[in-house]
Amino acid sequence: MVLILLGPPGVGKGTQGALLCEERDWTRIATGDLLRAARREESELGRKAQEYMDAGNLVPDELIVAMVRERLEALPDDAGVVFDGFPRTLAQAEALERVLEETGRALDGVLLFEAPDEVLVRRISGRRHAPGSGRVYNVHFDPPETDGVCDETGEPLVHRSDDRPETVRHRLEVYRSSTAPLVQHYEEGPVPLVRIDGDRDMKSVKRSMLHAVEHLESDG
Ligand code: AP5
């Protein structure tokens, strides 16, 4: 299976993508996580991406596509792959089609997560992140057992630098102008695009997602 998780910032792509990959033993390629790791490692890619990310803008397509290609080429041919936060522009979608073809894969479906802006802003304001374990919490909806500390590693939780309210508003605008057109692109394409109501508790969203995935698996 090769799937894309599409949707605005804060809708739950990362949360649900991690649950799906755990359930199916698939690989999640989350471009935001890869870029944050590159920043922590202070690699050249991390240095180049920093300014764009802090401003809530998209990192240039060529950097993103090269990073995704490298990840994909390192995977076994039969690995299930879930793209989270990629593609985000039409150029990235077209590049993904080429990379999949070159690596002998094909896209099976797109899951579009949706929720109103006020829900997204509230979720993002409560998000806390453990850089070492990669776990994501929410002070309103999914708090850690001990305030401010990761349950798995005990490391202090941090607020993402691009989760400030003014940057979040800008990220939502960037989503609308650059990424939302992909909905029509995939609706008109050869594989199913399944809409998932992300404005429910995490378990209900997970149930709908797994239901959609089972349908895609039986279609394939
Ligand atoms: P990225 O990290 O991809 O951020 P994003 O797409 O803006 O998505 P988020 O991580 O904000 O949200 P999410 O949908 O994963 O929600 P989550 O599950 O965390 O990108 C960051 C930046 O990197 C971009 O701005 C750009 O600069 C750059 N970048 C990345 N990819 C790029 C690309 N392809 N091209 C160019 N640039 C790129 O959930 C949010 C919170 O809500 C969490 O706290 C969670 O616990 C909670 N939550 C989740 N589900 C629920 C629920 N059902 N009920 C209650 N709370 C919930």
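Residues are classed by relative accessible area as buried under 20%, exposed over 50% and partly exposed in between (1.4 Å probe, protein chains only). The structure is a predicted model, in which local features need pLDDT of at least 70 and side-chain atom pairs count only at pLDDT 80 or more, while totals for chains, interfaces and linings use all residues. Residues are numbered from 1 along each chain as its sequence is written, and side-chain values use heavy atoms, with hydrogens and water left out.

E42 counts as exposed, at 69% relative accessibility. This residue lies in the loop between α2 (31–40) and α3 (44–55), where helices (H or I, at least four residues) and strands (E, at least two) are DSSP runs numbered from the N terminus. D25 is exposed, with a relative accessible area of 69%.

In the loop between β3 (81–84) and α5 lies P87. The peptide bond joining F86 and P87 is cis, with omega about 0 degrees.

Helix α4 (residues 61–73) and helix α5 (residues 90–102) have axes that come within 10 Å and cross at roughly 25 degrees; axes are lines fitted to C-alpha atoms, for helices over the stretch in contact, and angles run from 0 to 180 degrees between N-to-C directions. The two helices are therefore roughly parallel to each other, a class that covers angles under 35 degrees. The contact (heavy atoms within 4.5 Å) involves D61, I64, V65, R69 and L72 of α4 and A91, Q92, A95, V99, L100 and E102 of α5.

Conventions:
Angles under 35 degrees count as roughly parallel, over 145 as roughly antiparallel, 65 to 115 as roughly perpendicular and the rest as oblique.
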